[in-house]
Amino acid sequence: MPEHEYPWGDDSNFFPQELQNYAENLEEISDIEADEQGLIAAPLLPLRDHVILPQMVAPLYIGRPATLSALAEAQDAGHTVIALAQRQPDLEDPSTEDFLPIGIEMAVSPLVNARDGNKAALVQGRRRVEVLAFLQDEPFPIVQARVIQEPEEVDDELETLMRAVLRNFDRFVQLSGSLPEEAYHYALNIKEPGWLADMVAMSFPLSLEEQHKLLNNVNPRARLDRVHKLVRRELDALRIDEEIHSKVQGEFERGQRESYLREQLKAIQGELGETDLWTAEVHELQERVAKTELPDEIKTQAVKEVGRLAQMPPMTPEVGVIRTYIDWLLELPWVKSTEDNLDIAHAAGVLDEHHYGLPKAKERILEYIAVRSLRPKRSRQPILCFVGPPGTGKTSLGRSIAESLGRKFVRVSLGGVRDEAEIRGHRRTYIGALPGRIIQTMRRAEVANPLFMLDEIDKLSMDVRGDPASALLEVLDPEQNFAFSDHYLELPFDLSKVMFITTANVRQDIPWALQDRMEMIEFPGYIEEEKLEIARRFLIHRQAEESGLEDGEIHFNEGALKRIIREYTYEAGVRNLEREVGRVSRKVARLKAESKRYPTKITPETVERLLGPPQFTNAEAERDDEVGVATAVAWTEGGGDIMPVEVLLMEGKGNLQITGQIGEVMQESAQAALSYLKSRSKDFKLKAEVFENTDVHVHIPEGAIPKDGPSAGITIATAIISAFTRRPVRHEIGMTGEITLRGRVLPVGGVREKVLAAHRAGLTKVIMPERNMKDLLEVPKKARADLDIIPVERMDEVLKAALLTTKAPKKVSTAPKTKESSSRIQPGA
């Protein structure tokens, strides 16, 4: 039931039919006559959630017993009642303070029974009154009020405001569609500004708070001005709604027009025996699905998607999504594979043709081929991880393996990937969704069994979008990858036929779960002898050809190559070596192009003339036996190097200082070496007071280069003991090994590189842990023959071999004399 009724409305649907018979009788109820002071008294009719304004007719539901008694009293007397609006509509028993001060005198028709069991009546607002007092509470409230007289004179300004309200109200009626045209004509005949304001205000929905404000506003001019603003606001809202509706209607009509034209086009093409492009495209997809060799589950899904596509209008946005999905299903290599070449001799020849050395990786591939040749249907694809420094041939070896097996080679770089969707793809609900890199690369491979290289797997990262390394667990697990699930496809894709090879520079940066699923093959880096051979076999020929020189036109002798390796490069691989060889070739090519004399035989002197001064210094061994100076052999990213350890004793308080940008592990080794010496002080004939009054300074030269690791433990211990006992260290001996507090010598890594570094530096003896002797099998025979390898298990054996028996004469506490820097360091470092 509406909160109020308009004079022009049909109220038959809102309140009982009996009330309609009382509409004319309301005029017969007279207003209460005011006394000399303009006051009237009448029963109170509370209004909960609506407001009745003067001249308005509306039905009311009445349920409170006190209100029913008040209406009965008023009807018996044949006069009006005073209606007051409650400030809070939900109050059941309001007090005098809960009513608005301004009310309405109104006439009430006889009561009739409503559908919900309550009583209903028709009411008519007469005039505003101001409540002054409550004269009675029981059995029903009676209030005393003063009739508010509104001025009737209308000046020019008020007349203009009335015309503006009528003009905007006319537009509102035309745009709203909810009011009949008679509403405007009714308002046009109202000459009183207050009545016009009340009538227009109740023609559109207002909040209860706004209705209360209008009721309390007893100034017709101010009330009309407020109503004018409300009409303008509602009119603006209707205009915006009309614009939106027009746009929607236009789009809808255009869609209907396009649909109608397409139907006509279909009819015309049918008469001509032609088919439309959309139908032809759907038929083409259906034929492709039928002809493409697919697994049963995939074919079923493809047929289903084509069926969905055929039922959609061609302009539907989802058509592009479904069409793209079908293309991916049809273009992926679900079944197609290449035949492996299982000739072991052929594979060995291809690997040796492209790469020198790398025996472990080559041996593992040949083992795989041998197993495949014996059990072609049961063999599992290996998942290998090549770990080694940059430039050692990891990626290029993968290409050679693919060539030796006759497989297609595809590669994905994982460096910087931090989103899981890069591996698994996005779900089709996202705009622009695509499969992950795994599925995209398989589509590019066009076969189900390529050699798939995942480059730089140690450089994966993660953020709030997920962990791609975790997504790779399914890809690299033979127990799971036969049914790899991509978020875009949402169908199992078989990766079990793929040979995965990953590459990394640092093993520690690979998540342990991924390491557990891969077979690690170390690429330790090339030694000088291997770099010489690689340059002769591959680099010189390739760079000469790229520089425009004829094959064999220039020749590098061994001395020239060694000088480039030692003084112009510092790396474990051969990339920079190839760059320097290329620089020499290009300078020769320029001289040839300028018709000048150019060298055809490259010597060490020619290298310096063409490449400029050396960029790195060559490591050299100490030339004299000195106290407090021992030589360590170390593994570096460039392969291997020698490293002097200097110890200086000074008067002090027994402090130990270590400098040279030393890591925590090497600092702990120095502390362990000093503790070992203190525990054996009696054996070395040293008094305890010596350690309390002496500061020990251990320094590793080349402070700009970080150094760490436990393998210099016995070297530091030897240098410290030499400084305290004044026994010189043999300058021709290099050493490596970890020391314990009990004097045991533990094994270390990088033996191959360390031994070759000692051989290059001119050392004649190398002390190493006994348990590392097995690693000498990887050292070239020439280096083993030239060096005297001394295996040790305890520190006593190290000192026996490294220290001279005679003591050096005592000197003033000064730093030991050292030779040229032993590690390769760039100028200015």
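Student: Where is arginine 744 found?

Tutor: Arginine 744 sits in the loop between β22 (738-739) and β23 (745-746). Strands here are DSSP E runs of at least two residues, helices are H or I runs of at least four, and both are numbered from the N terminus. Keep in mind that this is a predicted model, where local features need pLDDT of at least 70, side-chain atom pairs count only at pLDDT 80 or more, and totals for chains, interfaces and linings use all residues. Residues are numbered from 1 along each chain as its sequence is written, and side-chain values use heavy atoms, leaving out hydrogens and water.

Student: Switching topic. How many aromatic pairs are there?

Tutor: The count is seven aromatic pairs. Rings of Phe, Tyr and Trp (its six-membered ring) pair if their centres lie within 6.5 Å; planes under 30 degrees apart are stacked, over 60 edge-to-face, and the rest tilted.

Student: Where do phenylalanine 386 and phenylalanine 523 lie?

Tutor: In distant parts of the chain, 137 residues apart. Phenylalanine 386 is in strand β8 (residues 383-387), and phenylalanine 523 is in the loop between β14 (519-522) and α18 (528-546). Both phenylalanine 386 and phenylalanine 523 are buried.

Student: And what about phenylalanine 452 and phenylalanine 500?

Tutor: They form a tilted aromatic pair, 5.3 Å centre to centre with 40° between the planes. Phenylalanine 452 is in strand β10 (residues 451-455) and phenylalanine 500 in strand β13 (residues 499-504), so the pair ties together parts 48 residues apart in sequence. Phenylalanine 452 is buried, at 0% relative accessibility. Phenylalanine 500 is buried too, at 0%.

Student: Now charges. How many salt bridges does a search of the whole structure find?

Tutor: The search finds 54 salt bridges. Each is a side-chain nitrogen of Lys or Arg within 4 Å of a carboxyl oxygen of Asp or Glu.

Student: OK, which residue forms a salt bridge with arginine 239?

Tutor: Aspartate 236, with the closest N and O atoms 3.7 Å apart. Both residues lie in helix α7 (residues 220-272), three residues apart, about one turn of the helix. Arginine 239 is partly exposed at 37% relative accessible area, and aspartate 236 is partly exposed at 39%.

Student: What does arginine 590 pair with?

Tutor: Arginine 590 forms a salt bridge with glutamate 594, closest N and O atoms 3.0 Å apart. Arginine 590 counts as exposed, at 57% relative accessibility. Glutamate 594 counts as partly exposed, at 36%.

Note on methods:
Buried < 20%, exposed > 50% of the residue type's maximum accessible area, 1.4 Å probe, protein only.
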